[in-house]
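Have the model open alongside as you read.

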Amino acid sequence: MPQHTPPRPICANCDGFPTVTITTGQTTPTGQRQTITAHCPACHGTGHTTAARAHSRIGA
């Protein structure tokens with residue numbers, strides 16, 4: 001029987017759109033727009049977050 005894995009939670013910072021392309025306003029020598037790629041700093045470009053721990057211990 002197939003094992004189904006639960007879906008991972010979507011990153012709250014980027015809403016699941018972890019990588020965007022931004023135009024710089026300049027053009028390359030061939031006439032194309034120059035772009036840069038930016039990744040979400042919270043999820044590192046994956047679009048998902050790891051599940052929070054159920055229990056956390058504060059102190060020593």
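How many helices and how many strands does the secondary structure of the chain come to? The tally is 0 helices and 2 strands, where helices (H or I, at least four residues) and strands (E, at least two) are DSSP runs numbered from the N terminus.

## Ground rules

This is a predicted model, with local features needing pLDDT of at least 70 and side-chain atom pairs counted only at pLDDT 80 or more, while totals for chains, interfaces and linings use all residues. Numbering runs from 1 along each chain as its sequence is written, and side-chain values use heavy atoms, with hydrogens and water left out.

## The chain as a whole

Of the 60 residues in the chain, 10% count as buried. Here buried means under 20% relative accessible area, exposed means over 50%, and partly exposed is in between (1.4 Å probe, protein chains only). The accessible surface comes to about 5,600 Å², and 56% of that belongs to carbon and sulfur atoms. Those areas come from the Shrake-Rupley method with a 1.4 Å probe; for residues, only the protein chains shown count as cover.

As for contacts (heavy atoms within 4.5 Å), take those in the chain with a separation of 6 or more: residues 24 or more positions apart account for 45% of them.

## The hairpin

Strand β1 covers residues 19–27 and strand β2 covers residues 33–39; the two pair in the antiparallel sense over 6 bridges. Pairing here requires that DSSP finds at least two bridges between the strands. Val20 stands opposite Ala38 in β2. The hairpin has 5 residues between its strands, and Gly31 takes a positive phi near 95° in it.

Val20 turns up again in a nonpolar surface patch with Ile22 and Ile36, with about 240 Å² of accessible area together. Patches are built from residues with over 30% relative accessible area and no salt bridge, joining like charges within 9 Å and nonpolar side chains (Val, Leu, Ile, Met, Phe, Trp, Tyr) within 5 Å. A salt bridge, in turn, is a side-chain nitrogen of Lys or Arg within 4 Å of a carboxyl oxygen of Asp or Glu. Ile22 itself sits in strand β1 and counts as partly exposed because its relative accessibility is 39%.

## Around Cys11

Now for the segment before β1, the place of Cys11. Is Cys11 buried or exposed? It counts as buried, because its relative accessibility is 1%. Leaving aside neighbours within four places in sequence, Cys11 is in contact with Gly16, Cys40, Ala42, Cys43, Gly47, His48 and Thr49. Take Ala42: Cys11 and Ala42 are 31 residues apart in sequence, yet 7.7 Å apart in space, C-alpha to C-alpha.

What about disulfides? With a disulfide taken as a pair of cysteine sulfur atoms within 2.5 Å, the count comes to 0. Cys11 is in no disulfide, and the nearest cysteine sulfur, that of Cys14, is 3.8 Å away. Cys40 is in no disulfide either, with the nearest cysteine sulfur, that of Cys43, 3.7 Å away. Cys40 also counts as buried, since its relative accessibility is 8%.

## Positive phi outside glycine

Asp15, in the segment before β1, has a positive phi near 55° despite being a residue other than glycine. At 58% relative accessibility, Asp15 counts as exposed.
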